[in-house]
Amino acid sequence: MKQNNIILNGIAASSGIAIGKVFILEEDDFLVVKKEIKSSQIKQELNRLKDAMAKTKTELEENQKELNKVLGENYAKIADAHLLILNDPLIKSEVEKIINTGINAEYALHTVVENLSKTFDLMDNDYFRERKHDLLDVAKKVMRNLFGKQRKTLMDLEENSVVIAKTLTPADTVTMKEAMIKGFVTEIGGKTSHTAFVAQSLEIPAVVGLKGIIHQVKQGMPIIVDGNLGLVILDPSKETIENYKREYEIQISNKKELEKFKDLPAVSLDGREVVLGANIENPEEVRSALRHGANAIGLYRSEFMYMSRKTMPTEEEHYQNYSSVAKKMMPYEVIIRTVDLGGDKIARLGLMDIGREANPFMGLRAIRFCLKYPEIFKIQLKGILRAAVHGKIKIMYPMISRISEIKEANKILEQAKEELRREGKKFKEDIEVGVMIEVPSAAIITDLIAKEVDFLSIGTNDLIQYTMAVDRVNSDVAHLYSPMHPAILRLLKNIIDSAHLAGTDVGMCGEMAGDPAYTIVLLGLGLDEFSMSAAQIPKVKKIIRSVSKSDAKDLVEQLLRCSSMQEIDITMKKFKYKQNLF
Amino acid sequence: MKEKNVKIVNKLGLHARPASLIVQTAMGFSSNIYIIKDEIKADAKSIMGILMLAAACGTELKIQTEGPDEEQALEKMAEVFNNGFGEEI
């Protein structure tokens, strides 16, 4: 039989991989028709509504007990909300009002729910918008009881089933766990829907928001759910299945490995210890950073503070946000990168009216923007200075390309301190200040910059892009982007050596730092701190613990003598082979 | 009629759980209780009404109570808000 291997893209709602067979959970399709009711029958119609609601109430209460038993009280609160929706006086009185005009109960309910859900659709907050589905869930249950229909249950499930449904309630999800379901896919839903939360807590892989999937699958069809990437593969080929089986096993063993490395230090065989930190963009990620064994936040991207809002964040908001991260990370340090937005982005966010730029990557962004608008910059600096009282916070300026920018930024920092002093607010006087090395001009004069700052952090994404004149997003030239190009290796060596000569520590927070393929080279170059997305930490730590710094240094010396990428590639392979590293 | 201004202090705002808590608290009083945000007036005994306010952290709201137990109702409701609904602030 020929496989189609159809790949569909949805929203990753709960991570993990499920390989199994399709089980379609039928949606009860109610055909709601408007019917005129004689005035003598209105009372009867109102009673029909009352009965259906009472029946639904009993169902929901049973549901709640079940949820409580399986998931604990917190999740049972979800059923609480459903019960309150059912008893909501607003809904009930609106529906009754319509019935009283001589319309059947089904249509009356349908009309009220439609109107309410339209209001939800208009909300600009994802969370509240998705609450519409709670309302629809409850309405569906009442509707079913009005019609006197029963939904097909999950009883006919076979082992290895992957459930496909239009939508699932949290209670359905619990039933699925008990039925040993492998995973599920729904047409409706988002990352913050209740069903997604329950799936995450039960560790059931899930993809949601895949409109029309029900019409593309057949009962019993082989299917793979990739809850990590939000993919669904229908009728997968043998190779795809094999690949996913391998990935599934890797995930299981990675999980165990992660546990093993969490509390071990990142130290090489010959005793060189480095700091492994996490890059984050909002306070919620601290937990994941610590869980993966991060010993620092090497890069806090403060841009998040400026997103999805209509006004600039206040000093108080900066303060609250940064101090919560600093407190949770104690005794480890947190490097906050001052806002790295481009003028175009700020204009698009509607925060300020700045004209479009022809070449934003080389335009008014990051420190350049901050120096042009010192008042905006100062608000953030004041927030950081105050938050630093609660933990080990350091400030980092992005996109520095000349010494004068550091001096100017520091002048504004001093003004911020002066203002705080006048306002009588507590702040950290001797806060450490560092810069990102991500513009080639800064990389070349690292020796001069190092004398002006307390620390340096290499931003490889931009540094490589600017040095090689390659836009990684442009598929025609993306292959030219190479972190191991002789020019990049020399540049990195220059940065790290010059910094060390000046007695300054160097970190790296670009993607290169979190890619295990480059760990040995960076260790050999003498990098002091690696900062990456949290999930990479155990992988990088494992490599650091398996080599010696002096061997890595020898390798780097060999690499620096190579004249082509091919030669570099062969040298790397030989080294790994000799060291038994794969 | 009694009124009091309150502010949403919990991080996640008025989501389903706090909304449930508000409704359950309001149900305990015979007074009419309203939560007012700008122009919108929601019945505190209606979870849909509360959710429709879409009040995020930092939002300022007004509580209005009217009836035989309006004083106690106002006090209790304000307390629920000021405690951040027992959630992380």
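Guide: Within chain B, confidence is lowest in α2(B), with a mean of 84, and highest in β4(B), at 94; helices (H or I, at least four residues) and strands (E, at least two) are DSSP runs, numbered from the N terminus. This is a predicted model, in which local features need pLDDT of at least 70 and side-chain atom pairs count only at pLDDT 80 or more, while totals for chains, interfaces and linings use all residues. Residues are numbered from 1 along each chain as its sequence is written, and chains are lettered from A and ligands numbered from 1 in the order in which they are written.

The sheet of chain B is an open one, formed by 4 strands in the order β1-β4-β2-β3 with antiparallel pairing, where two strands pair if DSSP finds at least two bridges between them. Because β1 (2–7) and β3 (40–43) of chain B stand at the edges with a single partner strand each, one side of each is left without a neighbour in the sheet. From one strand to the next, the twist averages 25 degrees (axes are lines fitted to C-alpha atoms, for helices over the stretch in contact, and angles run from 0 to 180 degrees between N-to-C directions). Strand β2 of chain B, residues 32–37, is joined to β3(B) by 4 bridges in the antiparallel sense, and I35(B) stands opposite A42(B) in β3(B). Packed on this sheet is helix α3 of chain B, residues 70–82, which touches β1, β2 and β4 (60–66) of chain B and whose direction makes about 0 degrees with that of β1(B); contact requires that the C-beta atoms of two residues, placed from the backbone, lie within 7 Å.

Turning to the contact between the chains, 15 residues come from chain B and 19 residues from chain A. On the side of chain B that touches chain A, α1 (16–27) and α2 (47–52) of chain B each supply at least two residues, and the largest share, 5 residues, comes from α2(B). That side of chain B divides into 8 nonpolar, 4 polar and 3 charged residues, with Ala, Val, Leu, Ile, Met, Phe, Trp, Tyr, Cys and Pro counted as nonpolar, Asp, Glu, Lys and Arg as charged, and the others, Gly among them, as polar. For the complex, the predictor gives an ipTM of 0.75 and a pTM of 0.56.

Notes. pLDDT = per-residue confidence, 0-100.
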